[in-house]
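Please look over the sequence and the structure before reading on.

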Amino acid sequence: MIETSENPIFMDKRKIILYIDTMYRGGAQRVMANLANYFSSNGVDVVLINDFPEARAGMVYSVNTSVKCIFLQESNKGNALIKNLVRILKLRKIIKQEQADTILSFMGPPNIRMLLATLGIRSSRKIVSVRNDPNKEYGTNVIIKYFVRQLFTFADGCVFQTEDAKQYFPKSVQNNSIVIFNPVDSKFYGIIRNTDCHNIITAGRLEAQKNHKNLITAFAQISVEFPEDKLIIYGEGKLRGELMQMCQELHLANRVEFPGNTLRMDKVLADAKCFVLSSDYEGLPNALMEAMAAGVPVISTDCPCGGPRALITSQNEGILLPCADSNLMANAMRLLLNDKSLQNRLSAAAHKRAQSFAPDVIFSQWDTYLFTPN
């Protein structure tokens, strides 16, 4: 039986449901918070749904007080199968109660739960967003891939970060999709960089995906040549101890720093000589986008599913490298650190390129896509 709304949708007062697992700091969570704040500041009723409240409250992205926040469960404890079933059923109940114009979900499991929860419900547009390489987010197992590809056909639309990510899904999904870059906070565009910058920086979770080991290995090859520059790795994760031990073994304990997470990345970028992303795979890396907006010369792996390549569209905007090649990364850093004129060219071109993902540009694209019927 098809369920429909008993109340008409009034276009003069729009309403949206945003759904993501938690608001713990990460690229997808940052974009979700930005969207919640943008829509709520522009007269849209916003309901933000999370699976459970994140215990690490100090590291959770905040949203406007006008945003209605709902948690599907009190904690993340319990059997995985039962948790997912409870979340799907409660999500379905909330969606039917809220009667929003549009439902937008982010990331692998939330996308699946949202589409299962809304089967048969036609009172809202159902939009899913793939925020990472779908081969990593959903896997390559034939059965699971078939299930996900078929489930996505029930969505009214899909937002991708890169053209490459679209190829995972059938044509019917691709035809109803759009590629939208992440919005970068306007504060990064107004940064005045110091005239005497130092240090190589990167930012990202201390997890295998980011391959900080490759970056540390590359830095070890050039550290003696640039005694005034350190490698500073921002972020937290389970590999912190392992990475710090690696630095000890390479005699880099005084040359590589791990400050943890920071809320002042704009200040960090103002002092940075260059930014390096060493990931093995990414969606659309926010840290790289922020560095470009700040006019910091960037080096990045050309990793799947094409995020860095979509951002760095010419050799004037940054340096792209194959994944997991520490020798090439060392050579690229050496080239950039030795050449002030190259730094200046990359800085200017990166800042210009970043205008295409300025907040007003990106939010306008989201607004149009989310509230315009197919």
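One cavity of 30 Å³ or more turns up in a search of the whole structure. The model is predicted, so local features need pLDDT of at least 70 and side-chain atom pairs count only at pLDDT 80 or more, while totals for chains, interfaces and linings use all residues. Residues are numbered from 1 along each chain as its sequence is written, and side-chain values use heavy atoms, with hydrogens and water left out.

**Cavity**

- The largest cavity holds about 30 Å³ of space.
- On a 1 Å grid over the protein atoms alone, a cavity is a set of points where a 1.4 Å probe fits but cannot get out; a pocket is an open set with protein on both sides within 12 Å along at least five of seven lines; lining residues have an atom within 4 Å of a point.
- Grid points are joined across faces, edges and corners, and a volume is the space filled by probe spheres set on the points.
- Thr202, Ala203, Gly204, Lys210, His212, Leu277, Ser278 and Ser279 line the largest cavity.
- Its lining has two nonpolar, five polar and one charged residues (Ala, Val, Leu, Ile, Met, Phe, Trp, Tyr, Cys and Pro count as nonpolar, Asp, Glu, Lys and Arg as charged, and the others, Gly among them, as polar).

**Second largest pocket**

- The second largest pocket contains about 170 Å³ of space.
- Twelve residues line this pocket, and the closest to its centre are Gly120, Ile121, Arg122, Lys126 and Phe154.
- The lining of the second largest pocket divides into five nonpolar, three polar and four charged residues.

**Strand 1**

- Strand 1 (residues 15–19) is largely enclosed by the rest of the structure, because five of its five residues are buried (under 20% relative accessible area, with a 1.4 Å probe and protein chains only).
- Helices (H or I, at least four residues) and strands (E, at least two) are DSSP runs, numbered from the N terminus.
- In a regular strand the side chains alternate between the two faces of the sheet.
- Lys15, Ile17 and Tyr19 are buried on one side of strand 1, and Ile16 and Leu18 on the other.
- Strand 1 runs parallel to strand 2, with five bridges joining them (strands pair if DSSP finds at least two bridges between them).
- Leu18 is opposite Leu48 of strand 2.
- Four bridges join strand 1 to strand 4 (residues 102–106), also parallel, and Ile16 has Thr102 as its bridge partner there.

**Asn50**

- Asn50 lies in strand 2 (residues 45–50) and is buried, at 4% relative accessible area.
- Its contacts (heavy atoms within 4.5 Å) include Ile20, Asp21 and Phe71, not counting residues up to four places away in sequence.

Key: Buried means under 20% relative accessible area, exposed over 50%, partly exposed in between (1.4 Å probe, protein chains only).
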